[in-house]
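Hi there,

Here is the structure I promised to pass on. Have a look at it first, and then read on for what turned up.

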Amino acid sequence: MKLNTQLTNLALIGCTLMPVVIPLVMVTPRAIAQEQKPVVPLLQEVLQQLRQTTSLPILLPSELPADSQELYAQGGGEDSSYYVEIGYSPNCSDSACFLGTFMASMEDYGEDGNPITLANGVQGYYLERTCDRCGDTSLTWKQNGVSYLIRYKLSAPTSKEMLVQMMRMANSAIQAGSR
């Protein structure tokens with residue numbers, strides 16, 4: 001009986017001292033990149049060009065407002081700035097074919113417009129234009145010392161919907177992080 005008690009005690013001790021293996025999921029940069037929503041397909045080629053010309057974090061949206069027309073993108077940059085333009089024709093250079101732009105610079109774009117809170121608590125400024133000839137709707141924010149600007153012609157039925165569309169673009173860029 002004494003031997004059985006000792007074996008039982010050893011078995012209990014052995015069970016409590018056995019190492020427990022808990023599998024851990026390793027989060028690697030590759031895994032993070034796979035979770036990141038990709039940049040809008042229209043901007044893929046321009047993104048490759050920007051990576052070669054600027055040292056700034058490239059924040060581009062994962063989504064754009066729906067548009068039934070074929071769109072074209074072009075862009076450029078230098079060490080301390082970049083731009084991406086979207087238009088209804090290749091190499092668009094006037095307001096008739098211009099749809100929008102995404103820009104970043106080490107120079108400050110200012111704080112014009114109504115203050116809004118964007119993804120990750122980033123402070124932004126929204127400026128709505130209400131007529132076709134007086135400019136485009138814009139949204140600016142500053143992140144890690146870099147100023148970002150989105151200007152876009154929106155055909156939303158209400159001011160609220162215009163704001164929602166601008167915030168979607170900005171938030172998708174902020175949440176995706178540097179491309």
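Tyr-152 is buried, with a relative accessible area of 1% (buried means under 20%, exposed over 50% and partly exposed in between, using a 1.4 Å probe and protein chains only). Phe-102 counts as buried too, at 3%. Please keep in mind that this is a predicted model: local features need pLDDT of at least 70, side-chain atom pairs count only at pLDDT 80 or more, and totals for chains, interfaces and linings use all residues. Residues are numbered from 1 along each chain as its sequence is written, and side-chain values use heavy atoms, with hydrogens and water left out.

Now the aromatic rings. Searching the whole structure gives two aromatic pairs (rings of Phe, Tyr and Trp, the last by its six-membered ring, with centres within 6.5 Å; planes under 30 degrees apart are stacked, over 60 edge-to-face, the rest tilted). Phe-102 and Tyr-152 form a tilted pair, because their ring planes are at 45°, with centres 6.3 Å apart. This pair links distant parts of the chain, 50 residues apart: Phe-102 is in strand 3 and Tyr-152 in strand 7. Trp-141 and Tyr-148 have ring centres 5.4 Å apart and planes at 15°, so they are stacked. Both Trp-141 and Tyr-148 are buried.

On to the sheet. Seven strands make an open sheet in the order 1-2-3-7-6-5-4, with antiparallel pairing (strands are DSSP runs of E, at least two residues, and helices are runs of H or I, at least four, numbered from the N terminus; two strands pair if DSSP finds at least two bridges between them). Strand 1 (72-78) and strand 4 (114-117) are at the edges with a single partner strand each, so one side of each has no neighbour in the sheet. Strand 6 (residues 137-143) and strand 7 (residues 146-152) run antiparallel and are joined by seven bridges. Opposite Ser-138 you will find Arg-151 in strand 7.

Finally, helix 4 (residues 159-176) lies across strand 3 (98-105), strand 4, strand 5 (123-127), strand 6 and strand 7. Its buried residues include Met-162, Met-166, Met-169 and Ile-174. Among the elements covering the buried residues of helix 4 are strand 3, strand 5, strand 6 and strand 7 (contact means heavy atoms within 4.5 Å). Just after helix 4, Gly-177 has a positive phi of about 75°.

Best wishes

Technical notes
Axes are lines fitted to C-alpha atoms, for helices over the stretch in contact, and angles run from 0 to 180 degrees between N-to-C directions.
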